Number of protein chains: 2
Amino acid sequence: MPKKIRVVQFGVGPIGALIVRLMRQKSSLEIVAAIDNDPSKAGRDLGEIVGASDAPWGIMIVPEIAVALDGPTDVVVHTTSSYLPHVMAELLACLNGGCCVVSTCEELAYPFRKYPELAAKLDAAAKEEGVALVGTGVNPGFVMDKLVLTLSAAVQRVDWARATRIVDAAKRRLPLQQKIGAGMAPDAFREQAAAGRIKHHGLPESVAMVADALGFRLDEISETIEPVLADEPIKTEFLEVARGQVAGVHQIARGTSAGQEKVFMELEMYVGAKQPSDTIELRGEPNLSLTIPGGTHGDLATAAIAVNTISAILAAPAGLRTVRDLPLVYLPSVPIS
Amino acid sequence: MPKKIRVVQFGVGPIGALIVRLMRQKSSLEIVAAIDNDPSKAGRDLGEIVGASDAPWGIMIVPEIAVALDGPTDVVVHTTSSYLPHVMAELLACLNGGCCVVSTCEELAYPFRKYPELAAKLDAAAKEEGVALVGTGVNPGFVMDKLVLTLSAAVQRVDWARATRIVDAAKRRLPLQQKIGAGMAPDAFREQAAAGRIKHHGLPESVAMVADALGFRLDEISETIEPVLADEPIKTEFLEVARGQVAGVHQIARGTSAGQEKVFMELEMYVGAKQPSDTIELRGEPNLSLTIPGGTHGDLATAAIAVNTISAILAAPAGLRTVRDLPLVYLPSVPIS
C-alpha cells in the first residue's frame, strides 16, 4: 500500500472545514494536525469542530504553527485570509518547516503584479527548502484562469479572452451573503465597497495570469464593483432583501494593452440570480467558448480544487507555482496501486 | 531574447502541415528540419509543401530520420500514424536522438492498457536519454480526457463520467469524410468497420486514462461502431451522400467495473450533423457538466494542442507522459520575456 500523504490543515473556518471533511474521504491522505487560533476552536477535536459524524478523530486543533508542524508533514492546506500581506508569516513558517503549501489565499494565486517582492520572498523561501506552494480555489484558480488557459490550448491564436461567472448567492452560506452586501441599502454598499470591505478577491490576479500566459502585454488592469439591486423581494435561508436593496455584487476586471481590451473578467454574485453559469469565450483563430450550466459551486469546488491540487504541488519543482504550471486532476478516494 | 525551441516536424500530411504553419507563427519556436518519406514531398521545400505564402523557407523535407536529427533538436512533433506498433521505430529513433516527442498517434495517448510492453519500452528509452514523450491531440488528448480530468478537479467525488462529441464532418477535409465512410452503402460500411478500416481511434485510450485518474478499477472497456445513415441527401464540398447511405460514424466506448458503467465516451462524426458540440458530464458530489457549443474544431485544435504541448513536454520529467500529467497552456506568438 502506498504511503499516505501527511497533511496539516491551517484554518478551520467554513472552507477549511469543507476541505477537512473531503480529505477524510481520500484514503491517500492523512490529516496529521490542524491549526486555528480561534479560542472557540483551539484545544478541541478537529472532527467535532467540522461536524463529522465519526468524531472525535483524536486530532486536536492547536493555535501554534510550530506545534502543528512538529511531526512529519508533507503539505499544509492553508485557508485563513484573502490578503497576501496578512498571511506572509504563516506561509513562510510552513515553508521553513519544510512543507509544501496549497492555499486558498486569493492574492497568492498570481502575486507577481501586485506584490512582486512578497512573491520573490516566498519563491526564495520555498526553493531554499526544496518545497513548492500555490494559491488556488474556484476563482481564482479555476473558472477564470485554469479553465481559460486549458481551453486556450485548443486554439491556434487568441486575441481576446473573457470569463463570466454568475452565482446565485441564495444557495451559499450567510457570511458570503453578507460579504457581498445582500440586504444593504445601495448607499451603504457603495461606502463599504469604496472602503474595500465588500469585494470578491482575485479577479485582477486571474486577469494577470491569463494575460501573461496568452502573451498579452498589459498596460493596465482596472477593476469596478457595483451593486446588483433586487427588482423583487428575495428571501434566503438566512436573510431578506427588499425591492431596491442590494442583492449582491457585479464586479468587472479588465486588462488592456495600448488602450485595447484584451481580457475581460466578470463576476455577478447575488441572491436570486436566475441563470447561474460559468462562461468562457476566446476570440481568435478559431473562436471557442465553453459553458458550465448552473456554474461551478463555489465552496464545494474550492474545497475540491484545494484537495485535488495536493498531489500536483508535491510533484512540482520547488518554488512559488501558479495553477498555470500545474496539471489539475482528481485525487481518487481510493489509493491507486 | 530567450533561445528558441528547435523543432523537427515528422510527417507532413494534412495535420503535419497545419502544425508546421502554426509553428511558424510562434516566435518561440524554430523549425529546423522536416521528415516525410512520401516521394512527392521528400527533397522539396517545407514551406512550399504546406502552402505557405512566404515559401520557400529553405527547409528541405528529408526522408531519413537520422539526417533530420543530425543538427541540434529539442523536440520532434510526430504525425504519421494512429497505430502505436507502426510508429515504434520512429519514436525510438527520436528518443535515441535525444529529442522530446509530441505525437498525435492516438494509441500513444494512453498505451498502458493495450500495449503495456511498448509503453514500457518507450518509457525506458526516454528515461535513458533524459527526455519525455506524449501522445495528444483533440481526441484523445483534450475533449474526452484532459478536459474531463480538469473538470473533475472541481468536484468532491466522481461516480461516473461521460463525454459526447458531435462533429459535423461536412466541414472537414475529404480524407476524414472518407475515413468515416461518408457516401458508403450501409453493408459496405459494416464490412469495412468490422475489418477495422473505418474507425476514429482513441476512445478506449480516453476511457482508460479517465478511469485510472478517477480511481475506477475497470474490468472491461467495450467499443461499438455503427453507421449514421443520412435521412436526407447531403452534399459537401467533396462528396454527396444519398438518403439512406452512410453519413458517418457513431462510436461508443464504455468502461465498466463489476458490471457497472463508470465511463461513457461517445463520438458522432458525420456529414450534416445539426448541432455539433462537445459535452462533458460528471455525476457525483456535486454533479457538474460542461459544453463547448459548436464543438472544438478537430484539425485546428489538434494542431494547436500539439504545438501548445511543446513547452510542457520539455519541462516534464523524463519518460512516457500522458496529458493527465501535463499542464496544458497556450504558447504565445511572441516570446515571453
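Author: In helix 4 of chain B, the residues B:Leu84, B:Val87, B:Glu90, B:Leu91, B:Ala93, B:Cys94 and B:Leu95 are buried. This is a predicted model, in which local features need pLDDT of at least 70, side-chain atom pairs count only at pLDDT 80 or more, and totals for chains, interfaces and linings use all residues. Residues are numbered from 1 along each chain as its sequence is written, while chains are lettered from A and ligands numbered from 1 in the order in which they are written.

Reader: Which elements of chain B do the buried residues of helix 4 pack against?

Author: They pack against strand 1 (5–10), helix 3 (65–68), strand 4 (75–78), strand 5 (100–103), helix 5 (116–129) and strand 6 (132–135) of chain B. Helices (H or I, at least four residues) and strands (E, at least two) are DSSP runs, numbered from the N terminus.

Reader: How do you know that the end-to-end distance of helix 4 of chain B agrees with its number of residues?

Author: The expected span is 1.5 Å times one less than the number of residues. The 13 residues of helix 4 (residues 84–96) should therefore span 18 Å, and the end C-alpha atoms are 17 Å apart, which agrees.

Reader: What is centred on B:Glu90 in helix 4 of chain B?

Author: A kink of about 30° is centred there; the bend is the angle between axes fitted to the seven residues ending at a residue and the seven starting there. Helix 4 of chain B is followed by B:Gly98, with a positive phi near 80°.

Reader: Why are chain A and chain B described as related by a two-fold rotation axis?

Author: A rotation of 180° with 0.0 Å of shift along its axis superposes chain A on chain B, with an RMSD of 0.0 Å. The two copies are therefore related as by a two-fold rotation axis. The superposition is by least squares on the C-alpha atoms of residues with pLDDT of at least 70 in both. Of the residues of chain A, A:Pro327 comes closest to the axis, at 2.1 Å (C-alpha).

Reader: How many residues of chain A are in contact with chain B?

Author: 44 residues of chain A are in contact with 44 residues of chain B, contact meaning backbone-placed C-beta atoms within 7 Å.

Notes: Buried ≥ 20, exposed ≤ 12 C-beta atoms within 10 Å, placed from the backbone. Contact = placed C-beta atoms within 7 Å.
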